[in-house]
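I am opening a notebook on a structure that I have not looked at before. The entries keep to what I looked up.

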Amino acid sequence: MSAHCPAGPDGRVHYGATTQDIMDTALALQMSRSLEALDEQLQRLGDALAERATEHAGTVMPGRTHAQQAVPTTFGATLATLLDQVRRQRTRLQQAHERIAVVSLFGAGGTNAAEGPRSVGIRSRLAAELGLADVPVPWHVDRDVLSEYGWICATIAGTCAKLGRNIVDLSRTEIGEVFEPFTSHRGASSTMPQKVNPISSELMIGVGAVAGALASGLVRIQEAGHERAAGEWQAEWYLVPNLGCLAGSALGEALVVAEGMRADPQRMAANLDLNGGLIMAEAMMIQLAPAMGREHAHDLVYEAAERAREQKRTLHEIMPVVAAEQGRADLLPEHLVGPSDYVGEAGRIASTAVERWRTTRALPAGPAIADLGG
């Protein structure tokens, strides 16, 4: 570089700076651009989830706890929780962007002594030229901001893995409620012609596992001591770019799924009747509680649920029988509650998540980095 400069400037190349100043400033530019790219993907993902949540705000489906049917919910409410997580991720990303897009120019030991009395002005001018923020304190060995970048990338991958896990579970043959987009031979097996494997969801889960493993190294890079790292800096060279790439890859697969997601409301409705409609046990207990008290209602429904399971009959069929045996038949309502009657705030949850997303979506992304010619 010096050989290509005219006399005078050739003596100022790398003047007073340390190699890490150059590399850290370049890294700040890369991480900043990376966050902007991730933000664009998050916006698309949130938009797709908001559209699906609105579409299915009233689509009743089984809610599941501990992998078993629990109480009815709606598919829109289920998507709303993920949409709100995407909203939080975008907020975290924007906040981190301000801390990450900073210059480094503090010299060999962090004092900038080599650049003399003009050091502050030189650093400020460099930051302005690059579109970065100036900072008055060196960060050669203070890597919490790099850890923040890596952790955001890891948690974004985790958000995508959550989506992938739900799709894998809901697309099981025995459940069959939600599926990835379909094109000819997508997810096909080399030996089983009937297979349509959830390949994007599998990738999201795998990427999330790898990102989580790499994230464990982020605390280690913060151990760098004194005024220059002795090994921790080198660890960053693998951790930071790979976490960024993993986050982008996970979001890419999430977009494929969210934008092309296929839901089967009929199968959701049919699954509500599995196991004799026992998913309505809590709803019936709450319906009966005002007349007989919560504890008595719980005991009655518990007995009816056990009987229905043993006799392979529905809970609605058994409830009058058990109530009569317990002398409480007169306390049963004329119509026992159904799934669509017991979704609580599901519709509001879906609409609120969409509204919150649209409010956040309208916010600008982090400060743009100046165009440096590529």
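The entries below cover the cores, the cavity, the aromatic rings and the backbone.

**Ground rules.** I am working with a predicted model, in which local features need pLDDT of at least 70 and side-chain atom pairs count only at pLDDT 80 or more, while totals for chains, interfaces and linings use all residues. I number residues from 1 along each chain as its sequence is written, and side-chain values use heavy atoms, with hydrogens and water left out.

**Cores.** I looked up the largest nonpolar core and found 61 residues. Such a core is a set of buried Ala, Val, Leu, Ile, Met, Phe, Trp, Tyr and Cys residues joined through side-chain atoms within 4.5 Å. Buried means under 20% relative accessible area, exposed over 50%, and partly exposed in between (1.4 Å probe, protein chains only). Leu-38, Leu-45, Leu-49, Ile-156, Leu-163 and Met-261 touch the most other members. Among the elements that give two or more residues to this core I note helix 1 (19–55), helix 4 (144–170) and helix 7 (232–260). Helix 4 gives the largest share, twelve residues. Helices here are DSSP runs of H or I, at least four residues, numbered from the N terminus. I then listed the contacts of Ile-156 (heavy atoms within 4.5 Å). Leaving out residues up to four places away in sequence, Ile-156 touches Leu-38, Leu-42, Gln-89, Leu-93, Ala-247 and Leu-251. Another core, of 24 residues, lies apart from the largest one and includes Val-60 and Met-280.

**Aromatic rings.** I found one aromatic pair. Rings of Phe, Tyr and Trp (its six-membered ring) pair if their centres lie within 6.5 Å, and planes under 30 degrees apart count as stacked, over 60 as edge-to-face and the rest as tilted. Trp-233 and Trp-237 have ring centres 5.1 Å apart and planes at 75°, so I logged the pair as edge-to-face. The two are four residues apart in helix 7, so about one helical turn separates them. Trp-233 is buried at 13% relative accessible area, whereas Trp-237 is partly exposed at 45%.

**Backbone.** Most residues other than glycine have a negative phi. His-226 is exposed, with a relative accessible area of 74%. I found one cavity of 30 Å³ or more, lined by residues including Phe-75, Leu-163 and Met-261. On a 1 Å grid over the protein atoms alone, a cavity is a set of points where a 1.4 Å probe fits but cannot get out, and lining residues have an atom within 4 Å of a point.

Definitions and conventions: On a 1 Å grid over the protein atoms alone, a cavity is a set of points where a 1.4 Å probe fits but cannot get out, and a pocket is an open set with protein on both sides within 12 Å along at least five of seven lines; lining residues have an atom within 4 Å of a point. Grid points are joined across faces, edges and corners, and a volume is the space filled by probe spheres set on the points.
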